[in-house]
Amino acid sequence: MKTAILSLLAIIALALTATVSNAHEKNEAGPNRGRLITSVTPHAEFFVTAERKVQITFVGEDGKPAAPADQVVVVTAGDRAAPTQLTFTKTGNVLLSDTTLPSGNKFPTVVQIKTTPEAKPVYARFNLNMSICGECKNAEYACVCGH
Ligand SMILES: [Zn+2]
């Protein structure tokens with residue numbers, strides 16, 4: 001009986017997650033606790049490494065990391081007047097930026113993802129706040145608290 005209730009709760013939780021991601025009101029976190037970009041399939045996790053490089057991990061429908069295929073990613077970050085553009089190289093099972101993010105914090109960031117070099121680009125725009133959220137302990141850019 002307890003098991004049945006638990007699986008029912010799991011189903012409700014899944015349903016709620018799906019609703020939230022459609023509404024784009026709250027962020028989802030990826031496998032490395034980065035920001036999950038759900039406007040592309042497979043989904044892409046945006047994560048800032050300790051070296052201030054950007055790591056993009058593609059995530060399959062099972063929520064597990066998937067090796068990059070032919071995706072082309074360009075990140076534009078920093079002061080709008082003089083933004084920094086980051087290009088990516090496949091490194092192991094992820095795409096890693098060739099250079100580091102500009103110094104500072106809380107700057108506008110645009111992630112352009114093309115599923116193939118010829119595909120129409122999909123853009124994700126957000127403010128890159130790398131401070132740690134006190135509630136979920138993710139960086140604010142990947143905060144899942146919905147505040
Ligand atoms: Zn949070």
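Q: What makes strand 3 and strand 7 a pair?
A: Strand 3 and strand 7 (residues 94–97) share 2 bridges and run antiparallel. Two strands pair if DSSP finds at least two bridges between them, so the label holds. The strands themselves are DSSP runs of E with at least two residues, numbered from the N terminus. I56 sits opposite L95 of strand 7.

Q: Before going on, what kind of model is this, and which atoms and residues count?
A: The model is predicted: local features need pLDDT of at least 70, side-chain atom pairs need 80 or more, and totals for chains, interfaces and linings use all residues. Residues are numbered from 1 along each chain as its sequence is written, and side-chain values use heavy atoms, without hydrogens or water.

Q: Why is strand 3 called largely enclosed?
A: Of the 6 residues of strand 3 (residues 54–59), 6 are buried, so the rest of the structure largely encloses it. Buried means under 20% relative accessible area, exposed over 50%, and partly exposed in between (1.4 Å probe, protein chains only). V54, I56 and F58 point one way, Q55, T57 and V59 the other, and all are buried.

Q: How do you know that strand 5 pairs with strand 8 and with strand 6?
A: By bridge counts. Strand 5 (residues 72–77) has 6 bridges to strand 8 (residues 107–114), antiparallel. V75 lies opposite V111. Strand 5 has 4 bridges to strand 6 (residues 84–91), antiparallel as well. V74 lies opposite T87. The hairpin of strands 5 and 6 has 6 residues between the strands, and G78 takes a positive phi near 110°.

Q: What makes the zinc site tetrahedral?
A: The angles among its 4 donor atoms run from 106 to 114°. Four donors count as tetrahedral if all angles lie between 85 and 135 degrees, so the site passes. The ideal angle for four tetrahedral donors is 109.5 degrees.

Q: How do you know that the four cysteines are donors?
A: The SG atoms of C133, C136, C143 and C145 lie 2.3 to 2.5 Å from the zinc ion. Donors are N, O and S atoms within 2.8 Å of the metal (3.2 Å for Na, K and Ca), so these atoms qualify. Their spacing in sequence is C-x2-C-x6-C-x1-C.

Q: Why is the pair of F46 and F126 called edge-to-face?
A: A search of the whole structure finds 2 aromatic pairs. In the pair of F46 and F126, the ring centres are 5.0 Å apart and the planes meet at 85°, so it is edge-to-face. Rings of Phe, Tyr and Trp (its six-membered ring) pair with centres within 6.5 Å; planes under 30 degrees apart are stacked, over 60 edge-to-face, the rest tilted. F46 is in strand 2 (residues 43–48) and F126 in strand 9, so the pair ties parts 80 residues apart in sequence. F46 is buried at 0%, and F126 is buried at 9%.

Q: What geometry do F46 and Y141 show?
A: Edge-to-face: 5.7 Å centre to centre, with 85° between the planes. Y141 lies in the segment after strand 9, 95 residues from F46. Y141 is buried at 3%. F46, F126 and Y141 form one aromatic cluster.

Q: What makes R35 and Y141 a polar contact?
A: The backbone oxygen of Y141 lies 2.8 Å from a polar side-chain atom of R35. The limit is 3.5 Å between N or O atoms; within protein one must be able to donate a hydrogen and the other to accept it, and sequence neighbours count only through side-chain atoms on both sides. R35 lies in strand 1 (residues 35–37) and is buried at 16%.

Technical notes. Four donors count as tetrahedral if all angles lie between 85 and 135 degrees; four count as square planar and six as octahedral if opposite donors are over 155 degrees apart and all others between 65 and 115; anything else is irregular.
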